[in-house]
Amino acid sequence: MENVLEKASVTESMFSSWLVANETYEGARQLTYGQFVTKFVYHKRTRMWKPRKKGYTIRRLIWVPPTTRELFYLRMMLTIAKGPMSYEDIRKAGDAQCETFRDACFAMGFLEYDRDYIGAIKEASEWGSSHYLRKNFVVMLFSGDGNRSSHVWSESWVLLSDELVLNEEQLQNLTLIEIEILLQSNRRSLRDFYPIPYPDSYVLEQLGNRLIYEERSYDIHTMKDDFVALHAALTDEQRGIYHKIMKVFTTQNGGIFFLHGYGGTSKTYMWRTLASAIRSKYNICLTVATSGIASLLFPGGRTSHSRFKIPVPTLDNSTCNITYLEESANLLWEAELIFWDEAPMANKWCFEALDKTLRDLMSVHGNSDKVFGGKVVVFGGDFRQILPVVPRGSRSDIMHATINASYL
């Protein structure tokens with residue numbers, strides 16, 4: 001590994017060679033990175049910039065989204081930095097040396113100090129709840145529009161907190177936890193938005209696994225009443241399906257089912273009946289769907305990509321972005337049944353990614369050789385509706401991308 005990392009093809013690039021060229025050629029120090037190609041040409045074999053002998057080239061810097069933070073600020077500084085010989089030179093604003101590219105952009109006057117965001121939070125606090133303000137703060141973090149999110153936090157955290165009788169440290173920590181919960185529901189974390197402080201790890205440990213808590217937060221008595229009402233209205237065919245799935249669920253030896261039917265055949269009704277039966281016993285049942293609209297039909301429903309962290313795009317060797325130390329891993333360990341609606345719409349590689357991940361996670365229980373790690377999984381959908389979308393794919397490609405019958 002060390003030999004690979006020390007290769008010139010890894011350590012040297014067009015950008016690093018540009019810094020070297022600024023040391024070598026005096027004329028290069030009058031050009032920005034975007035202007036450099038007008039006077040110099042890059043030789044890939046030698047990985048060096050040489051003065052251009054003929055011709056003229058115009059090139060622009062690639063666009064970088066604000067959410068990339070320091071990379072975005074580096075690109076901004078490259079539009080004005082001339083002749084830097086190191087990264088430290090790029091971070092200079094006049095004669096002042098800045099610690100980060102963001103600080104350099106502030107010193108050069110490229111960025112505002114997010115006064116508008118602070119003013120918006122203060123204005124909304126006059127009529128909005130603290131929970132609403134925290135959601136707005138999370139939207140600001142996701143959009144990447146704020147340049148100094150830590151400054152916005154320090155100026156407005158009191159408004160984002162609930163009016164509780166706590167000292168300042170406790171109140172700030174609880175507010176950070178509420179924001180962290182909102183971010184985690186969108187697969188992000190406050191750790192991604194440094195230097196905003198992260199809540200005290202001890203408090204997070206005391207709260208336990210948030211995902212498991214959410215899945216067991218249903219009112220047991222309400223779930224029992226819902227199950228009695230739903231089960232009483234089942235047809236004979238639906239009741240047979242219910243008992244067949246519940247028999248496998250009781251043994252917990254693993255089982256894969258596919259509930260097929262066109263629109264209007266009460267597939268969703270079956271999901272609700274089974275989910276209420278399982279949740280009324282304080283067990284965890286995960287309800288997911290391939291599309292966001294379909295996931296809204298289930299209590300606690302999520303999209304499959306969100307719940308299982310399936311990468312986009314999904315390839316034949318993809319696995320879910322879940323590690324042993326995550327809350328999502330503990331949730332999958334505890335889950336006793338998984339519903340996946342609109343399954344034919346998903347590429348078969350999504351199911352293979354979940355299969356490989358569950359086999360890996362459930363290997364601690366000796367179930368690595370079982371399909372989906374020995375979990376009871378129920379798929380649903382209609383093959384006569386929308387099949388997986390394969391960009392520029394033929395009919396054959398689409399059929400090969402459809403869920404494989406070998407799982408069932």
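Reply: Strand 1 (residues 40–43) and strand 2 (residues 48–51) are antiparallel partners, held by four bridges. Across that pairing, V41 sits opposite K50 of strand 2. Four residues separate the two strands of this hairpin, and R47, in the turn, has a positive phi of about 55°. Keep in mind that this is a predicted model.

Now for the part I'd zoom in on: strand 8. Five of the five residues in strand 8 (residues 337–341) are buried, so the rest of the structure largely encloses this strand. Look at which way the side chains go: L337, F339 and D341 point one way, while I338 and W340 point the other way, and all of them are buried. Note that D341 is in that buried set, along with W340.

Next, the neighbours of strand 8. Strand 6 (residues 285–289) pairs with strand 8 in the parallel sense, over five bridges. If you want a residue to start from, C285 has L337 of strand 8 as its bridge partner. Strand 8 is also joined to strand 9 (residues 376–381) by three bridges, and these two strands run parallel as well. Here the pair to click on is I338 with V377, its bridge partner in strand 9. To see how the chain gets from strand 8 to strand 9, follow helix 19 (residues 348–361): strand 8, helix 19 and strand 9 together make a right-handed β-α-β unit.

The crossing of helix 13 past helix 15 is left-handed. On the helix 13 side, the contact residues are I220, M223, D226, F227, A229, L230 and H231; they meet Y269, R272, T273, S276, A277 and R279 of helix 15.

One last stop is helix 4 (residues 70–78), where F72, Y73, L74, M76, M77 and L78 are buried. What do the buried residues of helix 4 pack against? Their partners are helix 3 (14–24), helix 5 (87–90), strand 3 (92–93) and helix 6 (101–107).

Technical notes:
Residues are numbered from 1 along each chain as its sequence is written. This is a predicted model: local features need pLDDT of at least 70, side-chain atom pairs count only at pLDDT 80 or more; totals for chains, interfaces and linings use all residues. Side-chain values use heavy atoms; hydrogens and water are left out. Buried means under 20% relative accessible area, exposed over 50%, partly exposed in between (1.4 Å probe, protein chains only). Two strands pair if DSSP finds at least two bridges between them. A crossover is right-handed if, with the strands pointing away from the viewer, the path from the first strand over the helix to the second runs clockwise. A crossing is left-handed if the near helix is turned anticlockwise from the far one by less than a right angle, and right-handed if clockwise. Contact means heavy atoms within 4.5 Å.
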